[in-house]
Amino acid sequence: MATSFCSFNVPKSQDPPKPLNPSLQNPPSPPLHLHNQNHSSKLVITGPSKLSGHVAISGSKNSSLPILAATLFCSGTSKLANVPCLSDTRAMASVLASLGAEVQVLGDEILVNADGVRSVEPCPDEIRKCEVGSSSLGRCWPGSAPPRSPCRGCDIGARPVDLYVQGLRALGAVVELRDGKVQAYAANGRGLVGGTFQLDYPSVGATETLMMAACLADGVTLLSNVAKEPEVVALARFLIESGACIEGAGSNKIVIKGKSWLHGSECKIDPDRIETGTFMLAAAITRSCISMSPVIPSHVSCLTEKLRAAGCKIRQRSHDTLEILAVSTDGANLNGFNVKTGPFPAFPTDLQPQTMALLTTCNGSSIVEESVFNKRMGHANELLKLGARIQVCGSTALVLGKDKGSLLSGSSPIAKDLRGGMSLVLAGLAATGNTEISGVSHIDRGYENIDAKLQSLGADVKRLIPLTCSESQ
Ligand code: EPZ
């Protein structure tokens with residue numbers, strides 16, 4: 001076992017030269033931080049709203065983050081298109097820049113050249129801002145990152161990294177907790193070696209991290225019981241485009257044949273399936289009819305089935321356009337339904353809070369079981385402030401619907417996490433009167449221009465940004 005840090009998987013001497021994109025040699029400072037998102041801004045919604053029209057779905061946050069991390073593995077420039085402008089994606093771009101990568105943000109495109117990166121010790125402040133914590137553990141040079149809990153993203157339950165650590169060890173890494181950081185390096189002093197690893201649980205982040213790490217390991221890696229989420233498939237697509245040899249992404253076994261280097265490539269981020277589902281639920285809770293594109297219908301099929309069973313009509317207008325019609329012609333209310341979250345293709349945990357908001361307005365009682373994260377029920381208490389009737393017991397909630405459509409009424413709930421915050425926005429759309437939501441920075445982490453998008457559908461939504469001291473003088 002190595003006693004000191006040493007490089008692993010550093011491109012070998014016979015590797016081809018890595019041309020540096022001239023446009024990136026002296027890039028202008030990237031606008032990595034969003035200035036219009038104030039931590040104490042509030043959303044004020046006056047309901048009940050009726051939505052109509054079309055909404056454009058942004059690129060996927062959860063696909064952008066690991067693909068941005070994967071650019072660290074590539075020689076030369078990688079170009080990502082359709083990256084949503086969110087505080088999380090900007091924080092990830094900032095992490096890459098803080099490691100020495102050249103990063104350019106041009107609208108919804110991000111260009112990364114990581115040729116100058118020689119160590120991976122991300123700035124803890126940047127890591128704390130978003131859901132990026134552990135992806136960088138898979139990087140080819142000695143890496144360290146703050147442990148995943150309690151510093152990552154949303155506070156929705158335990159976020160351990162045991163599967164990452166076990167998996168990296170199976171590939172020959174030494175992984176230690178030192179000075180409050182997870183530190184990883186190659187045991188043999190040269191690089192990771194292919195191995196076999198079965199995940200105890202199909203963790204998305206662990207699957208992504210191990211798949212990335214195995215791309216540059218020496219030999220073949222077999223990962224089993226892996227996550228099948230579309231974000232894993234999209235990451236594999238990017239890595240394959242960059243020269244990696246990966247088979248099986250999207251199934252429960254992935255085989256990776258290690259390569260000595262990867263090159264930069266271009267990719268277009270898929271539409272955000274959680275944003276798609278959220279707008280479907282927005283139409284349902286307001287009993288409206290809206291369309292949305294671009295979407296990948298198969299990514300939201302589990303929600304589509306539930307909403308159809310509840311009484312919504314959902315039509316695929318073209319290969320990438322969905323229309324949802326939740327307007328009743330005979331005055332009948334939508335029916336409640338039960339939901340149990342689980343790994344893809346089961347019902348997504350990231351749509352559970354928004355679905356709970358809808359169920360408070362449906363007929364009958366519904367049961368919501370959260371089986372992915374152990375603390376993802378915090379929004380229920382906030383929904384109670386709007387008059388919802390929900391009883392939570394551990395990770396299960398009994399939602400008592402209303403017999404005559406929404407009887408929610410405006411209040412002042414607090415968004416405490418991203419999707420929970422969005423459930424309050426949906427409830428606010430359906431509620432009568434003013435709903436003033438604070439903690440909006442959580443929502444801004446995952447929904448691009450949410451106020452503008454809802455306004456364009458006809459909702460009365462305003463963002464209140466408090467004046468700073470200097471502005472108020
Ligand atoms: C990804 O998180 C998403 N984040 C989450 O989206 C999403 O909720 C989650 O996958 C599940 O779909 C990003 O892609 C950036 P996991 P991730 O590892 O990878 C346990 C949102 O709102 N686990 O699949 O962190 C863990 O405790 C966010 O956009 C271990 O036990 O999720 C959890 O119970 C929130 N050991 C379960 O697996 C480990 O080593 C699922 O976590 C790793 C995870």
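Trainee: Is C289 buried, partly exposed or exposed in this predicted model?
Mentor: Buried means under 20% relative accessible area, and exposed means over 50%. C289 has a relative accessible area of 25%. That value lies in between, so C289 is partly exposed.

Trainee: And C74, buried or exposed?
Mentor: The cut-off for buried is under 20% relative accessible area. C74 has 3% relative accessibility, so C74 counts as buried.

Trainee: How many disulfides are there?
Mentor: A disulfide needs two cysteine sulfur atoms within 2.5 Å. For C74, the nearest cysteine sulfur is that of C215, 8.9 Å away, and C74 is in no disulfide. By this rule the count of disulfides is zero.

Trainee: How are α9 and α11 oriented to each other, parallel or antiparallel?
Mentor: Helix α9 spans residues 273-285 and helix α11 spans residues 352-359. Their axes come within 10 Å and cross at roughly 5°. Angles under 35 degrees count as roughly parallel. The two helices are therefore roughly parallel.

Trainee: How many charged residues does the contact of α9 with α11 have?
Mentor: From α9 come I274, T278, L281, A284 and I285; from α11 come Q354, T355, A357 and L358. The residues of this contact include six nonpolar and three polar. The number of charged residues is none.

Trainee: Which residues touch the most other members of the largest nonpolar core?
Mentor: That core has 67 residues. One of those that touch the most other members is I324. I324 touches, among others, M280, M292 and L307, not counting residues up to four places away in sequence.

Trainee: Where is P294, and what is the omega of the peptide bond that joins S293 and P294?
Mentor: P294 lies in the loop between β16 (289-293) and α10 (301-310). Most peptide bonds are trans. The bond from S293 to P294 is cis, with omega about -10°.

Trainee: Which loop holds P48?
Mentor: The peptide bond from G47 to P48 is cis, with omega near 0°. P48 sits in the loop between β1 (42-47) and β2 (52-56).

Trainee: What is the phi of N225?
Mentor: Most residues other than glycine have a negative phi. N225 sits in the loop between β11 (220-224) and α8 (230-241). N225 is partly exposed, with a relative accessible area of 27%. Its phi is positive, near 55°.

Technical notes: Residues numbered from 1 in each chain as written. Predicted model: local features only at pLDDT ≥ 70, side-chain atom pairs only at ≥ 80, totals over all residues. Heavy atoms only, no water. Axes fitted to C-alpha atoms, helices over the stretch in contact; angles between N-to-C directions. Helix = DSSP H or I, 4+ residues; strand = E, 2+ residues; numbered from the N terminus. Parallel < 35°, antiparallel > 145°, perpendicular 65-115°, else oblique. Contact = heavy atoms within 4.5 Å. Nonpolar A, V, L, I, M, F, W, Y, C, P; charged D, E, K, R; others polar. Core = buried A, V, L, I, M, F, W, Y, C linked by side-chain atoms within 4.5 Å. Buried < 20%, exposed > 50% of the residue type's maximum accessible area, 1.4 Å probe, protein only.
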